[in-house]
Amino acid sequence: MPYVSGHRGDAWGAEAAEHGGTGTQKLLSVDEMVVSATVADMLGLNEGEAVVVRRRLMLFNDHPVELVDSYYPANIALGTRLAEPRKIRGGAVSLLADLGHPPRRVREDVSARLATPDERAVLELDDPSCVLLLARALVTENDLAVEASVMTMVADGRRLRYELTP
């Protein structure tokens, strides 16, 4: 899984190329905020603790296909490139590894629901439209959750594939 393995290239660009297209992303914002209950649960934090959130829009052939909000505990992210409003060369997972927090496990929850008006606008969806939600937590070998990402994906034409080794 190049997205969570610390792969130092552009995993989204490589995946898009495999499907005959071009994958790019736009960094929408980087903010420090108080963690929500859902993200606190994913990261093992208490409600009210601070996190850094990096919001991105993923594009396939210049068409929006996914909104990604990635959250990092403030005690890990502040003072690092995770908290800076610019792209991270090599990706956030590689940076986490460089900071001494290499992910060793992944937890994912997949669900679907109707898109909100804001999601329909950003993802250029009809009303009504469904979206897929993928909530992913990256966890170190010491059971420290270092990243929680919530991906809101265009459902049409999307397929999720998992290979697991028992």
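Which residue's side chain meets that of Arg-104 in a salt bridge? Glu-141 does, at 3.7 Å from N to O. The legends below describe close-up views of a predicted model.

**View 1. Arg-104 and Glu-141 form a salt bridge between distant parts of the chain.** The N to O distance is 3.7 Å. Arg-104 sits in strand S4. Glu-141 sits in the loop between S5 and S6. The two residues are 37 residues apart. Both Arg-104 and Glu-141 are exposed. Side chains of opposite charge can pair when their charged atoms come close.

**View 2. Glu-108 pairs with Arg-136 in a salt bridge.** The closest N and O atoms are 2.6 Å apart. Glu-108 is partly exposed, at 22% relative accessibility. Arg-136 is buried, because its relative accessible area of 10% falls under the 20% cut-off.

**View 3. Glu-84 and Arg-86 make a salt bridge.** Their closest N and O atoms lie 2.7 Å apart. Glu-84 counts as partly exposed, with 29% relative accessibility. Arg-86 is also partly exposed, and its relative accessible area is 44%. The whole structure holds eight salt bridges, including this one between Glu-84 and Arg-86.

**View 4. The second largest pocket has a volume of about 230 Å³.** Its lining comprises 16 residues. Closest to the centre of the pocket are Val-39, Asp-69, Tyr-71, Val-150 and Thr-152. Five elements each supply at least two lining residues: helix H2 (37–43), strand S3 (63–73), strand S4 (103–114), strand S5 (130–140) and strand S6 (145–154). By type, the lining of this pocket divides into eight nonpolar, four polar and four charged residues.

**View 5. Val-110, Leu-160, Tyr-162 and Leu-164 form a nonpolar surface patch.** Together these residues have about 400 Å² of accessible area. Leu-160 lies in the segment after S6. What is the relative accessible area of Leu-160? The value is 31%, and Leu-160 is partly exposed.

Notes. Residues are numbered from 1 along each chain as its sequence is written. This is a predicted model: local features need pLDDT of at least 70, side-chain atom pairs count only at pLDDT 80 or more; totals for chains, interfaces and linings use all residues. Side-chain values use heavy atoms; hydrogens and water are left out. On a 1 Å grid over the protein atoms alone, a cavity is a set of points where a 1.4 Å probe fits but cannot get out, and a pocket is an open set with protein on both sides within 12 Å along at least five of seven lines; lining residues have an atom within 4 Å of a point. Grid points are joined across faces, edges and corners, and a volume is the space filled by probe spheres set on the points. Helices (H or I, at least four residues) and strands (E, at least two) are DSSP runs, numbered from the N terminus. Ala, Val, Leu, Ile, Met, Phe, Trp, Tyr, Cys and Pro count as nonpolar, Asp, Glu, Lys and Arg as charged, and the others, Gly among them, as polar. Patches are made of residues with over 30% relative accessible area and no salt bridge: like charges are joined within 9 Å, nonpolar side chains (Val, Leu, Ile, Met, Phe, Trp, Tyr) within 5 Å. Accessible areas come from the Shrake-Rupley method with a 1.4 Å probe; for residues, only the protein chains shown count as cover. A salt bridge is a side-chain nitrogen of Lys or Arg within 4 Å of a carboxyl oxygen of Asp or Glu. Buried means under 20% relative accessible area, exposed over 50%, partly exposed in between (1.4 Å probe, protein chains only).
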